Each structure stands twice: as structure tokens, then as C-alpha cells.
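Work through these exercises with the model open. Each task is followed by its solution.

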Amino acid sequence: MRTLLALLLLASPVFAQQIGNPTAQQGVIPPRGTFAIRNARIVTVSGADIENGTVVIRDGKIEAVGANVNVPAGAQTIDGSGLSVYPGMIDAGTNMGLVEVPQGANGTVDTSEVGDLNPNAKAIVAVNPHSAHIAVTRVEGITNTLTAPTGGLISGQAALINLLGTAPKEMAVVPQLALVINYPRVAGGGGGGFGGFQQQQTNLSDTLAANERQLEQIRRMLRDAEAYGRAQDAYAKDRSLPRPDRNVVLEPLVPYVRGEQPVIFRADREAEIRGAIRFAEEMKLKPIILGGNDAWKVASLLKEKNVPVILTGVFSLPLREDDPYDALFENPAKLQAAGVRFCISTGDPGAEARNLAQYAGMAAAFGLSKADAVKAVTLYPAQIMNVADRLGSIETGKMANLVVTDGDLLEIRSRIKYLFIDGRPVVLTSRHTELNEAFKNRK
Amino acid sequence: MMGIWVLMPKIRSRLIVALTLLFLVSNVNAQRSAIDTYAITNARIVTVSGPVIERGTVVIRNGLIAAAGANVNAPPDARVIDGTGLTVYPGLIDSYTNLALPEASPSPSPGPGGGGAAFFALTSQRPAAGPNSTQPPGLQPEVRVEEVIRTGGSEIEASRNIGITTALTSPRSGIWMGQSALINLAGETPQQMIVRSPVAMHVSFTPLRGTYPGSVLGVFATLRQMMLDAQRYRDSLQIYERSPRGTRRPETDRSLEALVPVIDGRMPVVMQANNEREISRALDLAAEFKLRLIIAGGREADRLTDRLVKQNVPVLLSLNLPRRTTAAIPEADPEPLRVLRDRVEAQQTAGKLAKAGVRFAFQSGSLANISELMVNAGRVIENGLTVNDAVRAFTLSPAEILGVQNQLGSVEAGKIANLTVTRGALFDRNSRVAHVFIDGRPVDLRPAAGGGAARSSLSGTWSVNVNLGGQGERTITLNLQQEGDRLSGSISGSLGAGEISNASATSGEVRFTVALNVEGQTKEATFTGRLANNELRGNVAIVGSAPGTFTATRSGQPNQEN
Amino acid sequence: MKRYIAKLLFIAIVATLPVNAVRAQRPTAQETLIRNATVLTVTRGTLENTDVLLRNGKIAGVGKNLNASANARIIDGTGKFVMPGIIDCHSHSMLDAINEGTLAVTSMVRTEDALNPTDVDLYRELAGGVTTLNLLHGSANPIGGLNTVVKVKYGRPANEFLFPGAMPGIKFALGENVKRSSTPNQPGVTRRYPNTRMGVEEVIRDAFTRARDYKRTWDEYRAAVKNDKNVMPPRRDLQLEPLVEILEGKRYVHAHCYIASEILMLISLADEFGFKIKTFQHVLEGYKVAKEIAAHGAGASIFADSWAYKIEAYDAIPYNAAIMTRAGVVVSMNSDSDERARRLNIEAAKAMHWGDLTEEQALKLITLNPAIQLGIQERVGSIEVGKDADIAIWNGHPFSVYSRVDTTFIDGDVYFDRQQDLARRPELAKERTVLEQAEPNKPRPQGQSPQTPRRRPSSHEHDDLEIEKP
């Protein structure tokens, strides 16, 4: 009870007047401890909602959850009356921490390496824990993002991070979670940008031929990595063999070509998605589709091959003139109905990942159940990234990434009241709340 | 000569016609004799202006139709053509072409201050339009095709072979494109060919590149501003003429001067507009400035029939009917419904215009293969146009719209003896053109020469200047071998070395793909260009990069053909 | 002959298709009574269990137990929400060209010349409850082209879109986009002035100085010509005429801007020349100078929460709407994007989430306030008797993420209806099958390859940088 007041103060706007308080954003991270949220509605996601229950957090983990859970002695308690507890939301398709200002400030952009094949580019190396985007995002209830590089054909490796920490290592949940491959795109061009001209449209058969050559580049490198892995293993077993040199580019590929870790393919159009599935099968990879605007057209194949999709296009305009106006709003509901594993992501570099809840909400407006919409930004991404043992629901033993709201998690009018990441109570301030405080009373 | 035109703008056009006619007549008198009198007897005569004469005679003398009728007898001095089984039509008019004009050169890259890629050979080959103009290329209404017309050529021959005797020939490009001429498709000199010039001012809404106006927004602002400037120019000249003393002399301006007949409604303006919104914009602009508008293209004109009738705007309707030109590829998106509908509906436009009472004439609309013209006319007839209306749209209607209805467009005594004589009715699939008379003389009909203009070989070594967006110029060496349409070769130089692929050289267009080293990455570059004056010019498209341009000149094995 | 018959048959089939019907179908302004709905009037609060009567294109009644004519369409509004059609105060939909970027001052160009009424994104916006758009020129130049205010009458010809009586406007632009435009990516093209915010100020100052002189020249001429018919008329200058209209208060300035300093610059320049800025567009740092904006009397038309996509957007905060509203600025929430325009309802609700605006204040951000900013507040922006029947029926509260539009009306006509849309899908599929069989649409076995499909910009791309709509 003694610390409850302090905690409330931290969380309330009154206290947030400490503009630029380094503890609010960077420097010292809040300590773990024992906390209990009582009398709250608990949306466990993995199980039934608990209308009036308690969640106990200790040393970073969820220690207990239920209607009849005892509050341990010495726990800091939060009265959750009228509030709801949800697992933190997860955005599995961002470049969080890799880019601060994409346009006109190249120095802040660390998303895309030179060259086409960069499996050794690791997002976790470059994530900036002090990026303003991180606090801006987490105060809206997003506790985790998959942060991925974007360049070339093999972009590099994505990291799953907690949106809290003073060093990449502290933030990392899985530092090298997946290899990211840009499946050669069928669609080209797009805006020529200002002051210039529209990108010339190219002929499709030329594009497809060029794509085939690009795919061959990827194929060759993956085969090299496979051979490299076997050579290293053979040498480890039998030192009489010639010692193969270590290769920093091929080495990180080995677990991926062996199907031990997932490979994320960016693919939006039907032909790209089909191509990515075919390629993954050929190379015996464990694919995840990122993007998936046409996934609704390929649902049965995705189901058949058990390939999950991280949908980033809920808020994109339909790809084609004749596509139904709600084609992408409905995409999640159609995948759900077809039994395809999917989750919803903003696909945003970082600044607007905070709007994740509205993406899920839109899917619910167009056919997805509200409960599934919540899953699509909590448990489903955790399952797809193979971290459902740690994240995505409120279950004993899981990492205490929790959001306490005064209403439906996805509704824009709801407020986040408390936030825990890795069992640490997070102050609900950001660059935006600070600027607001600084200017709202300017006379 | 130019000086006279400048000083006497009002009588100019009439004078030209008079001079031209004088010239023709004197020529005819000098060269022709009684053996230029012809009579087509026992033929079916589609007069267009009057009823069809099922069996009659047409007499041609002195370049004109001397008589036509059921009870006309062949004069004793005439060469008689037995017209049994033949049908005589007025010579067909193609109401919008670029016939008899020099080839367009491919777009050069825009230079400092604009240059303008939309600037074609027409202006560059005709100094008269360039130097003292107040306006950049593309905005020079004073340009006149009459000054660059050439005789002969395979395109003219191909048109004659299908029965076309007369064509409106208009500038190829620009916003204020310039002024067109109506020409007969035979004659030993350009002067003999011209029936009337100038006929109309021509306008397109295609922006210039790299300079103002660089978008359709600017195009309309420029059109308006220049017409306002022309009004002021006209008014200022009048004021100055009234009281030169004490008034500052207005500067002469050939571009504005050329617009005065347009804004005064003396010269019609042909605007290129195919879809509904372009036509609508043209109608708005014409109403705003009280222009005598003619729409060229007109694919969706049927959607605006009320306005076309109300504003009395005729249409030069293109028979280059839209159709899918691509093969099916599974990865391709299905074509938009809008496109599918538009193609089907384009076939119905002519019929709908006729029903709504919109005046229209046919034009070939730069059909790649002119022999499709009659096939497409047939398609339009299947889609609701009557045969009579179709004949009229090739004859009297264009003559009326272009202001030569007293000279052309029907089989009547006194009109120019342009006649198209067919075996079988004009639009029947099995009909063929038996005789064509132009200015009273029969024209040799030959099967069209295959493939158009003779090709020159591309084989040899080329020095290629490649200009990629923002990266300055690079020079590479290109070795080409051509055998027919097939092209092979390789590149070497600062952008890498390698074989070219997907290479072709068809109908004047050269195309190949090659891997280039750009920004430290190897990228597919597709070169597309045209050969002109022993120089290859065109564009470079690079997957994932800004497009560029290239110019190639021969650096080895100079080709003797050129 | 067989072929000919087949062709005739085909024509007959095509003729009976709904194609033309769909396109030419003029919505008949049928009388419509929506019964027992929750009505968000904007100006008179939220009315529960209320009827709304639409007659002759106007809102003819709002109240309980309204009567309608015998042939009126009755819609059961139980559980539904009726709100005014959303007004998007910054759009580039239906423009064939957005920027005339070749010059620094392009006040002679008019977006009205480039309208494309067949842009399918218009339909998608209708499906988001949007009925009115402020079509603005892009941000390539300090002084851009003239705007066009339209009602989204998708399916009708362009001239029927024009919003009668809307105040004429013009686009200005300050900051990075203008600067960036001076560095074209075409080789050999000279750089365009200006390249700094200093130069932007100078260009606008110069233009208004010329405009003032231009007006004087004409005034002098008009006086002189009364006595002397032989006075040479001055040149009519389409570039300067709209600027004279601004000086005379006859044309609204919509100024794209970001940072506080450039906002203050334009205010002081406007004050100096004696004209008003009607709206600052984007105005992401408006919250820093809210009192100056309010004092000038300008409105602000903003993004809800976009930020950090470029340097001048780095200090943007989602509390912008709330801070400016409280300072007395008329604020609207716009899209500047065909994508975002489809969910402006949620964008408006964000001002409740960040900054605690009331529901009514938030609703105004996309209805009455943009109407005021465009000079059409007497016609639209709220549900009041006598106003245009531009409304949308939602299946839930429009500020809920779970809600979507059932029906959108403009001037009492239905322009979007979800049930009709769903019902039409199989018909369209059938139509496609038939059309694909038509001769002109058949693939050519020896033909070229189709073009690579164009990529559409993602929802994360901001700003009016395009020359044309991709």
C-alpha cells in the first residue's frame, strides 16, 4: 500500500510534469518487484475472461492469475476496479529502433544495407533503445515488436524486443528470431515522387525473368550455407578433415537452412505468396509470410502448407481497382475462417506502430470476432514467432508484459492506466506527453 | 513570303487557297491533256449527297467531276472504264493523320530550361517555327505542317491502297501543336497535294517535360493565358493602328498572332481527347473562349452527346479501336472491368453519335496497320452504325467538318475528282478497291510494301551515352549484330560488361536488356529506343531505380546504308 | 456467318448487362425516412431514438415520429448511428495531376481542370462515410494552384461534383517539400528557387507585391480608359489574379506548413499584406504557436497523430488538435491520403484519446469545422433541418473501431450502400466473364507481355508529393 501512491503518481499526468525526466525514458529502467492487480477484469486471451480477479507479478513473471488468488505479503497493489488487464500487444512487422526519421535524415536510418545478400545484418545490433518511437509506442499498450531490416533480397535477421531497456541486450526477447527475405516483387514502380516522373512501368515477363534470377541468387547462397554447415559439422566430428574457414555471412544462415528457425518472406501479391511458399518448400525452410495483402486469395494453400501470415496491410488500399472496397479489412476474417494462422501488424517502420489496436479493430468491424481481434495482436503473433511460452497471454510463468486499461483494449477511446514490461512498471510518458506538457499551457 | 503573311493575317488563309488552286490549275493546264478525261460507265454510284445511282456514269475531266448520273454518256474523248460490278464512292477522307510529315524523332532528354521531350522532328526540322518564336517548342501555334509536307512514301501508298484519297495531316506533338493541312494523297510536289491549309489549329493536353507546363494542370493554365494574351495582342494592334503616334508599339509575336483567328472563331481548334473527362475539359475550354471546337479521338464521346450537340462540336472519331494487345500471363492481374467495358463500348460510339445527331467523321488514329481501318469500320457497323452513316463519315462529313464540302466529299459535278471505286460494297469483307482517282488521275494501286520503311542494319559498334537520373553521364560501348528482327550483342565499359538479352529490332524500335552496375549493385536495365539519322536514342528503365535516357552513335564499322 | 451470329449474340448479351445501367443510373433523390436511430447532430447534441427525414436533397426533419410520403423509402435505424457526411479538408483524390512543380508560383493552375470522376478511391472514401473533399494542389511550390471543393458523387460526371457556393481557395506550401522541389532528380534541369525557408518567404512576398501592383495597374487602366479609348490594356495575368482575390478577401488560403517558425512567418507576411490565412494545413507544430494562429483567425487542418516521417514532423504530437482547439482555433482532421480518408472517424476520435476533447468537439473535427474552413457551413457539417442531405448511417458509434458505414447519402441520393455493394459482387463477376470473351478483350497469343502491375503507396506514406496519382 505504501508504494501504491507513488506508482499512481508516476502513472498520472500530474506527475508527468517532470519534463525530460531521464528515468521516464532512458537511463535507469524501473526495478522489478512484486505487484498485484486486484479486482480487475482479466482478459487472459488464452483462456476465459476472469470478471473479477487478481494478477500477481513477481520478478518479471506472472506468478499467479485467477479469481481467487491471494496477494502475497509485501506486494505493491493496484486496485483494478473498473479496469481490464490484457497481455501486452505485439507488432510483428516493424523496424522499431532502426529508423528515427525516414525522410531527409539518412543518418537516422539503419534499415537497409548495401548489396542484396546480407544475412549477417542483425537488427538487434542497431536497435536504438533511446529512440523516441519506443516510449511513444509502448504507452499505447504495445509491449513488444519484431524489428526487422528491410534491404536487398536477404535483408538480415529480425529481433523480437521488449519496448523497454537501456541497451539492446536488455530489450532482446529473441535477438535473432528470423531471417528476413524480400521475395522478388511482381508489382513495381509506385510513386515517382515529387519533382520527378513516374517510374516507368516495366514489362511483366521481364520482371518475372529478373525475379527468377534474383531467386537464383538467394538459392545459391542458401545452398552454400547448407554445405557450409555440413562441412563445419563434419570437421567438428572429424578433425582429420581439412578445416573449413569460418564465414560470417554463411554462418548465421545455418539454423535457417536447416529449418530450425523461421524465415520471414515479405510477399504481398498472390504470385509472390505462392512463389515464397514454393521456394520455402524447395529449400526446406520454415516460412512466415510478412505482408500478405493477397493472402485471402491463397488461403487454402496457406492452410494446406500450414504457413502463417503476418498481415501488415489491413489499412492499405486494395491492390486492384476491382477488388472489393473491404478486401483488406476483411482479409483477417477470411484467413480465420479458412483456418490459416495469422496475426495483425501495422507494418509501420515505428512511429505509427502505436496504432496497432485500430488495425485489429478494423478487422473486427469486418467480420473477425472481437476476441480473435485481440488474439491477432497478442497470442497469435507470439505463436507465429514461437514465443507463446513467454508472451501473448496472461498465464502463470509467462513474462509479465501487461496492459491495464479503462476499457476495451482496441477502442481508441480507452486509456492505458498501467503498463508492465518484463515485470517492470513503466511510466506512461513519452516525447509526446512531454511536449504536450511543455506547450499545453503556453499563454 | 513570310513577311506577307505576317502583314496580312486576315486574308492569309484565303490567299493560300487561291494561290494553291491557281498553282494546281496552271499545272494541270500545263501538263494534262485530253487523255486525262475518264468515264466510268455502268457503275453503281454512291453520290453521298444524293440518292444512290444504281447504274450510271461518272465523267472526269480536268481534275474535276464533269458529270455523274444515270443518263450521262461517256464523252468521245474519254478513256472509258467499264464499271459493271463496280461501285463509285467519293474518295475517302482520313480526317486525322500525320501523313506526308517527317518521322518523329524519339524524345530527347530535357535540357536546361526545358527543351521539352515532347518536341519532335517537325519543329526541329523546320527552322521557320523555332528561332523567332516567343514560345518554347510545344507552345508554338504558328507551326504549320504545310511547310514540311513531303510527297510519296509507303504510308501514303498504303492509305491509297485502301481507298483513301485525302487526309488531314496535323502536327505530331506539342500543346499548341500548330496548324494542319488537308492534302490529297497524290501529287508530284507538296504544293500539288495541298487542298487547303491551314485547316485548323491543333491542341493536345500533353504536358511538356522538365519545364512549365509540366502537368495537365499547367497545360490548361497555359492554354488560357496564351489565348488571353492573344486577345490583348489583337486589341493592342488595333489601338496602335488607330493611333500610332504617342503609343508604344506592341511587340510582334508570331505565336499570339497565330492564335488570333482561333479566338475570333475563324479557325477551328482540334483538341485531342478520348476519354470522357478529356472531352469534357475540351468542351469547357471551348465554351470559356468561344472556340470552334472539333474533338479528335472521341472514344468516349458518346457519353457527352448532349453537350456535343448543344455546343455544335463535331468529332473526328478514331477507328483505331482499343483492343487488348497483350498475351495472357498467369501472374498478371486481371484487366480492370473499366478497361474491358471501355473496349467493348468503343465499338458502339459511332452508332451512338449518329443516333444522337452528333456530327462526326472517321480517322485512322495512327493505326499501326492501316489495312485494319475498313475491318474496324465493319466492326463499328456491326455495333450499331448504318452503312450509309459509315460512308458519310468517310466522305461528306469530314469534308463539311473541315470546311471543304464544296470541293470534296460527294460525287457531284464540279467537285474535285477524288473517287474510290470498289468491287463489292465498301465495307464488305470481300470487297476490294479497284480504282482510285485523285485530282482526276488514276492512282497505281500496289500491294502495300511489307514492313513499311526500309530498315537499316544496326550491326556495328556504338558509343552509348547513358544518362541515369541524378548520376551524370556514363559512356559505354555497345556491339550489335542484327539479322532481320533478331538482335544480339554485348556491352562493355564503366557500367559493367555482359551480353544483351531479350533483344529485338522491330518496326523501327530497338529493345534489349542488360545487367548494369548501378549504385554498387547489379541491376537489370532495359533499353528502348529508335534509330534516326544514324543515331539511336531512347530510354533506359532500371528495375528499382529512376529511369534514364541514352544516345548512341556509331563508333565503328560505319554503315554504308545511311 | 457463324461468326457474325456469334458476334450479334454477344452484343445482345452485353447490351442486357447492368454495365451501362450501373454507370448511367442517376440516383433518384427519393424521399428517405430513417427511423429510430441515434443521431449525432454535431450542433444539437446526440439524439436517441430519433427519425431523420431526407426530402428533395435536404434534411427535411429531425425528431420523433416523423411522417413521410407514401413512396418514401423507410430505413429502420434501430441500433444505428446517423452522422453528417465527413468532410475531408485535404485531399488529392480524383486528380489526374497534383503538382505543377516546375515553377515556384503556380496560382494560375486549377485543380478543377484535372478532375477524374472515375477514380475508384472515391467509392472507397464514400464507404468510410466521406461526402465532401477539399481537393488541393500539391506542396511543390510556395504558392500552388487553386483548389476545388467537391461532393463525392462517384458515378456522375465531374461537373456534378462541384460544391455549389464553396469559397474559392488556393494552396500555399512552406518548408521541406518546397525546398526538396528545388532539387529535381532529372539531370540537366536547373534548380528551382527557393531552397530555404528564407527563399520561400521572399517568393511569397514578391508574388503579393506584384499582385498589389497588378491590381493598381488595372485600377488605373479602368479609370483612364473612360476618357481615352486608345489606352493600351494591361496584360491579364492568371498567376496574379487569384492573389488579388486573396487580397480582396475573396479567396481562402490553405497553407501547408509544419514548423512553428514558418507558421509565424506566414502570419506576419499575411498581416503585412492585409490578408487572412483561412487554414494552416498539417501544421504539426501548431500547438507551439496556437495563440498566434488563433489571434490571426486562422483555422488548422491536421493529421491526428502522424509524426517523425521527416524532420519537420519530428515534434508533432497527437495532442495538437486539443491544444489548438482550447486556444480557440477551428481545427479539422484531414487525410491527405485516399487511404486514410476511409477512416477519418477514428482519426477524429483520437483527439478524445489524446487531449481529452469532448465527443462533440471531436465530431466537429471532421464535420462542422472543415465546413467552416471551406465556407460551406450553411450547407453541410451538421444534421439540421434545411441542410443538405449529406449523411451516413453507421452500424455503431462512428468513434468505435468496430463500426462501419451501412449507407452514405449525398443530396439525399445513395452513393454507397453496403448491402447493395455485397449484392453486386456476383453480378460483376458474371459481367467480367462475359466481357473477357469479347473480341477486343481476348488475349493475343503472340502479343507482348502485360505491364508489371503498379505498386500502390502504403498507408505509411505521407504528404502530397506525387505529381500524378499512381
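Predicted model: local features only at pLDDT ≥ 70, side-chain atom pairs only at ≥ 80, totals over all residues.

**Exercise 1.** What percentage of the 470 residues in chain C is buried?

*Solution.* Next, apply the cut-off: a residue counts as buried if 20 or more other C-beta atoms lie within 10 Å of its own. By that test, buried residues make up 56% of chain C.

**Exercise 2.** How many helices and strands does chain C have? Then describe the sequence separation of its contacts.

*Solution.* Count the elements: chain C has 13 helices and 17 strands. Now take the contacts in chain C with a separation of 6 or more. Of these, 69% are between residues 24 or more positions apart.

**Exercise 3.** Describe the side of chain C that touches chain A.

*Solution.* First, the totals: chain C gives 63 residues to this contact, and chain A gives 54 residues. Second, the helices: α3 (120-126), α4 (176-180), α10 (344-353) and α13 (418-437) of chain C each supply at least two residues of this side. The largest share, five residues, is from α10(C). Third, the classes: this side of chain C has 27 nonpolar, 17 polar and 19 charged residues.

**Exercise 4.** Do likewise for the side of chain B that touches chain C.

*Solution.* The totals come to 55 residues from chain B and 55 residues from chain C. In chain B, α6 (216-242), α8 (276-289) and α10 (337-346) each supply at least two residues. α6(B) has the largest share, with 14 residues. By class, this side of chain B holds 20 nonpolar, 20 polar and 15 charged residues.

Technical notes: Residues numbered from 1 in each chain as written. Chains lettered and ligands numbered in written order. Contact = placed C-beta atoms within 7 Å. Helix = DSSP H or I, 4+ residues; strand = E, 2+ residues; numbered from the N terminus. Nonpolar A, V, L, I, M, F, W, Y, C, P; charged D, E, K, R; others polar. Buried ≥ 20, exposed ≤ 12 C-beta atoms within 10 Å, placed from the backbone.
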